[in-house]
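The following exercises concern a single protein structure. Please study the sequence and the model before working through each solution.

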Amino acid sequence: GIILLQRELKCTRTFSNMSSPKYTTRMSIRELDTPKHKKTRDRFLLAWKLFKERDDTCKKSFHSIAEYHGMPFDKGDVGPEGWGGYCQHGNVLFPVWHRYYCHELEQGLKDAMLEYMKKCKGTENASEEDVCDIALHYWDESVPIDKDDTEDQKIEKLVPKLLTNEKVTITYPGTDGQEVTEQIMNPLTHFEVKAGISGNADSWYLKPKNYQTVRFPFSGIKNPPNQKDIADDHNDSISDLDHTETLQKNLVHTIADVGRHEADDTVIQLFKNCLDDDAQMYNKFSNTNSNPHNSMEQPHNDVHVACGGYTKFKIGKSFFDHTLF
């Protein structure tokens, strides 16, 4: 949701040596996934694929930048006396911190794509101008819903297929100069944490090597052992479900139908609330502690929970999911 507020960003930080000013235009994922924007879509997906494939130790890898969020924590890092991680929640820094976070992710995408373009065109022939179209396109969770829309129509409007399709077909320039068209695993659906996540023996955040992120209705809990057993039993119990459809319905439930809890506003209404007169002061607009019901932080939190994993368990490593910045 935070990216919704940033439609265009002039490329000044990384692209200071450009011969003429250029702009990075962010589109909604739904707009991006249309024939008109096929080339931009394909380059976006290729950039994500390359970004994710970078080694975990690379400072400009998806793994490294996603970890700015702060987790996993050690004992003493959380609670009233703990630092709580870099990610800001419940205070006035929530919008500005996440804006910077999204900006760094976008720069990481550009950097990964520029590295590839140098292989295609030669180091001396490739420049930042070749990747100015690479952007962190956004999921628009505020699409208007008609009261007579069926559940399938709501899913079509609210949950872009590009975020849930298992595979995608893209066309892009090969390193040999020839155009390549291939079907790949959709880089927007999951992330493999190659080195795993270490931590305290009783930590919720421990993950084995090659751990793959999951979304609702699955749980990704791998520790402590007793909670892993509960999570495994839950995952086994839903093996026959259509997992994509279950996720889509849960998102529609939160975004448009009822809200995260029965008594809450929907995500669409929460976006409207944060722009009401009562929230015109920045403090009230910015975070849930200053304004529990009408701040822009609340819809962000609700989509985290609706998308990020089975809600009986802690969300854990949700910042490794490409939809949850």
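**Exercise 1.** What percentage of the 325 residues of the protein count as buried?

*Solution.* The model is predicted: local features need pLDDT of at least 70 and side-chain atom pairs count only at pLDDT 80 or more, while totals for chains, interfaces and linings use all residues. Residues are numbered from 1 along each chain as its sequence is written, and side-chain values use heavy atoms, leaving out hydrogens and water. A residue is buried under 20% relative accessible area, exposed over 50%, and partly exposed in between (1.4 Å probe, protein chains only). By this criterion, 50% of the 325 residues count as buried.

**Exercise 2.** Describe the aromatic pair of Trp 48 and Phe 51.

*Solution.* Rings of Phe, Tyr and Trp (its six-membered ring) pair if their centres lie within 6.5 Å; planes under 30 degrees apart count as stacked, over 60 as edge-to-face and the rest as tilted. Step one: the search of the whole structure finds six aromatic pairs. Step two: the ring centres of Trp 48 and Phe 51 are 5.5 Å apart and the planes stand at 50°, so this pair is tilted. Step three: both residues belong to helix H2 (residues 38-53), three residues apart, and about one helical turn separates them. Helices (H or I, at least four residues) are DSSP runs, numbered from the N terminus. Step four: Trp 48 is buried at a relative accessible area of 1%, and Phe 51 is buried at 0%.

**Exercise 3.** Which class of aromatic pair do Trp 48 and Phe 62 form?

*Solution.* With 5.3 Å from centre to centre and 75° between the planes, the pair of Trp 48 and Phe 62 is edge-to-face. Trp 48 lies in helix H2 and Phe 62 in helix H3 (residues 62-66), so the pair ties together parts 14 residues apart in sequence. Phe 62 is buried, at 0% relative accessibility. Finally, Trp 48, Phe 51, Phe 62 and Phe 191 form one aromatic cluster.

**Exercise 4.** Which residues are linked with Asp 33 in a network of salt bridges?

*Solution.* A salt bridge is a side-chain nitrogen of Lys or Arg within 4 Å of a carboxyl oxygen of Asp or Glu. Step one: Asp 33 bridges to Arg 41, with the closest N and O atoms 2.9 Å apart. Step two: Asp 42 bridges to Lys 38, where the corresponding separation is 2.5 Å. Step three: Asp 42 and Lys 38 both lie in helix H2, four residues apart. The network therefore links Asp 33, Lys 38, Arg 41 and Asp 42.

How values were computed
Helix = DSSP H or I, 4+ residues; strand = E, 2+ residues; numbered from the N terminus.
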